[in-house]
Amino acid sequence: MSDATAAVTTPEVGFENIPKDDKRITRGWTFYDWANSVYPLVITSSIFPIYWGAMVKQVTGTDSGKSPVDFLGFQVPGSSLLTYAISAAFLFIAIISPFLTSLADFSGRKKLFMQVFCYIGAFSCAALFFFTPDTLTLSTFVFVLATIGFSGSIVFYNSYLPLISSEEKYDSLSARGFSMGYIGSVLLLLICLGLIMGHDKIGLEEGFATRLAFLLTGLWWAGFAQIAFFALPADPGRPAGAADEAGWLLNGFRELGKVWNQLKQLPNLKRFLLAYFTYNMGVQTVMYVATIFGDEELKLESSALIMTILLLQIVGILGAYLFSKLSERIGNTRALSWSVFIWMCICVAGYFVQAGWSFYALAAVIGLTMGAVQSLSRSTYSKIIPENTPNTAAFFSFFDVTEKLSIVIGTAVFGIIAQVTGSMRNSILSLIVFFVLGLIFLLTLRGKKLRDDVHGADPKLAEGLSGN
């Protein structure tokens, strides 16, 4: 670290010198989407849930994945245990990520934190290779660690967007990242499916071939992440005197409190987070329950479900780019409003959908708007946070917490309504409430400049934005 850099004591020192729209940096940044998107597709959405159900059946000696299993002395339905594991991971990362990201901002070690969570997730994912009926309890904790690693690394990854891109290219770069993720994850899923479906031709047992897919997922994640880590700028770190002043832990809390105070004085940012929190409850819930809905409500075969998941990923690429172009013409909030409106229609259609062409048509529309709403939400938030803020990771931690809490609440509401009414169709229809609320909150931003004008605001806000 040079003397000039060491002399500066503001958070994220050195990051302000990153060249905007540098092709090598932006291309490398998108490769982390390529690297880690294999986890939600292979592990969360497709192969792992099917393998989990098979393990539960072997443990219980029944034909139902809902049969209770012994977990730390408690009898828990197998399918519910998987859901609880996901919820536990999301709650844990929601609690710790604001602190960790504020600490990363203060310490100037954004990439280091991103790498740590990446390796935790990738190693845990690869360790699922040892998941057998005898290791169900241990493998549950390994799965939780993998989910924590995935969720934890994303917030640091997202926080690079406003640092490496000019504002007018936020939408297109965010869309390119999601598209890279879709392409990479589909490619690995096809490789894994070929391995599993052709296991007998290469002399492997089906269970071993499936577990080999988990190992490949972890290796893919960690391996391709090196492209991003090589391209992203090195952590500038903090001057030794500043870091020792009160200790990293105390300064981490200080940075978190500073961002919290800023949020209270940025009305547009609060409105957007509220809108994102509500409509994301519906979006994420549909994404997590789509496979279960097709399996239990429509009685689709596993092959049909996996083909549907592939369809979602492929169409998602198109959706991310189409809505990126739409946002350039009509603005971010209007483009997001249209995507949320389409999600409202999806809820109504989901109530009436049947197995066959109507299900695949609905899946195509979900894929189109799934990529759109995720990509636009990330780029819109990048445009709303204060310009040149030294606390990008801490700001994105609030975005990440909002997402994680919306997943927990959305899936819980879905499950409760399905349990009370006896039908997941009612749960799907009820999600329309979240989208209506999200649309209302988004409409409060229309016609307004997205980024709040902080000039003339509370001096403490200006002080926080300058990092003093």
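Predicted model: local features only at pLDDT ≥ 70, side-chain atom pairs only at ≥ 80, totals over all residues.

Mentor: Let's start with Trp260, which sits in helix 11 (residues 248-264). Its relative accessibility is 47%, so Trp260 counts as partly exposed, given that buried means under 20% and exposed over 50%. Now jump along the chain: Phe398 is 138 residues away from Trp260 in sequence, yet their C-alpha atoms are separated by 9.0 Å.

Phe398 leads us on to Tyr381. Leaving aside neighbours within four places in sequence, Tyr381 is in contact with Phe398, and also with Leu269, Phe272, Leu273, Phe395, Phe396 and Phe399. Tyr381 also belongs to the largest nonpolar core, which has 136 residues; along with Tyr32, Trp221, Phe272 and Tyr279, it is one of those touching the most other members. The helix that gives the most to this core is helix 8 (residues 170-197), with twelve residues.

For some helix packing, look at helix 3 (residues 38-60) and helix 6 (residues 136-158): the angle is about 170° and the axes are 13 Å apart. Angles over 145 degrees count as roughly antiparallel, and helix 3 and helix 6 are therefore roughly antiparallel to each other. By class, their contact has ten nonpolar, two polar and no charged residues. From helix 3 come Tyr39, Pro40, Ile43, Phe48, Trp52 and Val59, which meet Leu136, Thr140, Phe143, Ala146, Thr147 and Phe150 in helix 6.

Conventions. Residues numbered from 1 in each chain as written. Heavy atoms only, no water. Core = buried A, V, L, I, M, F, W, Y, C linked by side-chain atoms within 4.5 Å. Buried < 20%, exposed > 50% of the residue type's maximum accessible area, 1.4 Å probe, protein only. Helix = DSSP H or I, 4+ residues; strand = E, 2+ residues; numbered from the N terminus. Contact = heavy atoms within 4.5 Å. Axes fitted to C-alpha atoms, helices over the stretch in contact; angles between N-to-C directions. Parallel < 35°, antiparallel > 145°, perpendicular 65-115°, else oblique. Nonpolar A, V, L, I, M, F, W, Y, C, P; charged D, E, K, R; others polar.
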